[in-house]
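Here are my notes after a pass through this one.

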Amino acid sequence: MYKKIDPFIKILPQLDVHGFTEDTVMTVVNEFINDNYKLKRRKIVVIHGKGRGILQKKIHSSLKRNRLVLRYYLYNFNIGCTIIELDC
């Protein structure tokens, strides 16, 4: 069976946080956001996985308070990814 891959997600900068703990994940995500903000990239992707949603909840609660984040949402084709739009 042929698996269709959405090219949209492949061209965006990505950060995979599988294996990080709830306590350490935001350090890496905030650095990723800051670096891409400096590079004037408007959209980035954080891959947190599906699982029990622990990392997703932690990331989303932090993104609500981040002044660099314009908006964020789950990727339609894979709810294990969050697309973040930066206020560049």
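1. Start with β4, where seven of the nine residues are buried, so the strand is largely enclosed by the rest of the structure. Keep in mind throughout that this is a predicted model.

2. What does β4 pair with? On one count, β2 and β4 pair in the antiparallel sense over five bridges. In that pairing, Lys 43 stands opposite Glu 85 in β4. Six bridges also join β3 to β4, and these two strands run antiparallel as well.

3. Tyr 73 stands opposite Ile 83 in β4, and the bridge partner of Tyr 72 in β4 is Ile 84.

4. The structure holds one aromatic pair. Its members are Tyr 75 and Phe 77, with ring centres 5.7 Å apart and planes at 70 degrees; planes over 60 degrees apart count as edge-to-face, so that is what this pair is. Are the two residues buried or exposed? Tyr 75 has 8% relative accessibility and so counts as buried, while Phe 77, at 67%, counts as exposed.

5. The buried residues in α2 are Val 25, Met 26, Val 29, Phe 32, Ile 33 and Asn 36. Seen down the helix axis, they fall within an arc of 125 degrees, so they line one face of α2. An α-helix has 3.6 residues a turn, so residues three or four places apart point the same way. The cover over the buried residues of α2 includes β1 (14-16), β2, α3, β3 and β4.

6. Val 28 also sits in helix α2, but its relative accessibility is 24%, so it counts as partly exposed; the buried class stops at under 20%. Leaving aside neighbours within four places in sequence, Val 28 is in contact with Leu 15 and Phe 20. For a sense of distance, Val 28 and Leu 12 are 16 residues apart in sequence and 17 Å apart in space, C-alpha to C-alpha.

7. One backbone spot deserves a look just after α2, where Lys 40 takes a positive phi of about 60 degrees. Lys 40 does this although it is not a glycine. The residue lies in the loop between α2 and β2, and at 64% relative accessibility it counts as exposed.

8. Helix α3 (residues 54-65) can be checked in the same manner. At 1.5 Å a residue, its 12 residues should span 16 Å, and the end C-alpha atoms are 18 Å apart, which agrees. Buried in α3 are Leu 55, Ile 59, His 60, Ser 62 and Leu 63. These cover an arc of only 165 degrees around the axis, which puts them on the same side of α3. Lys 57, Lys 64 and Arg 65 are exposed on the other side. Among the elements covering the buried residues of α3 are α2 (25-38), β2 (43-47), β3 (69-75) and β4 (78-86).

9. Which residues of the largest nonpolar core touch the most other members? Of its 16 residues, they are Val 17, Val 25, Val 29, Ile 33, Val 46, Ile 59 and Ile 84. At least two residues of this core come from each of α2, β2, α3 and β4. The largest share, five residues, is supplied by α2.

10. Setting aside neighbours within four places in sequence, Val 29 is in contact with Leu 15, Val 17, Val 46 and Ile 59. Then go to the second, separate core, which has seven residues, including Val 45, Ile 47, Cys 81 and Ile 83.

Methods
Residues are numbered from 1 along each chain as its sequence is written. This is a predicted model: local features need pLDDT of at least 70, side-chain atom pairs count only at pLDDT 80 or more; totals for chains, interfaces and linings use all residues. Side-chain values use heavy atoms; hydrogens and water are left out. Helices (H or I, at least four residues) and strands (E, at least two) are DSSP runs, numbered from the N terminus. The expected span of a helix is 1.5 Å times one less than its number of residues. Buried means under 20% relative accessible area, exposed over 50%, partly exposed in between (1.4 Å probe, protein chains only). The arc is that of the directions from the helix axis to the C-beta atoms. Contact means heavy atoms within 4.5 Å. A nonpolar core is a set of buried Ala, Val, Leu, Ile, Met, Phe, Trp, Tyr and Cys residues joined through side-chain atoms within 4.5 Å. Rings of Phe, Tyr and Trp (its six-membered ring) pair if their centres lie within 6.5 Å; planes under 30 degrees apart count as stacked, over 60 as edge-to-face and the rest as tilted. Two strands pair if DSSP finds at least two bridges between them.
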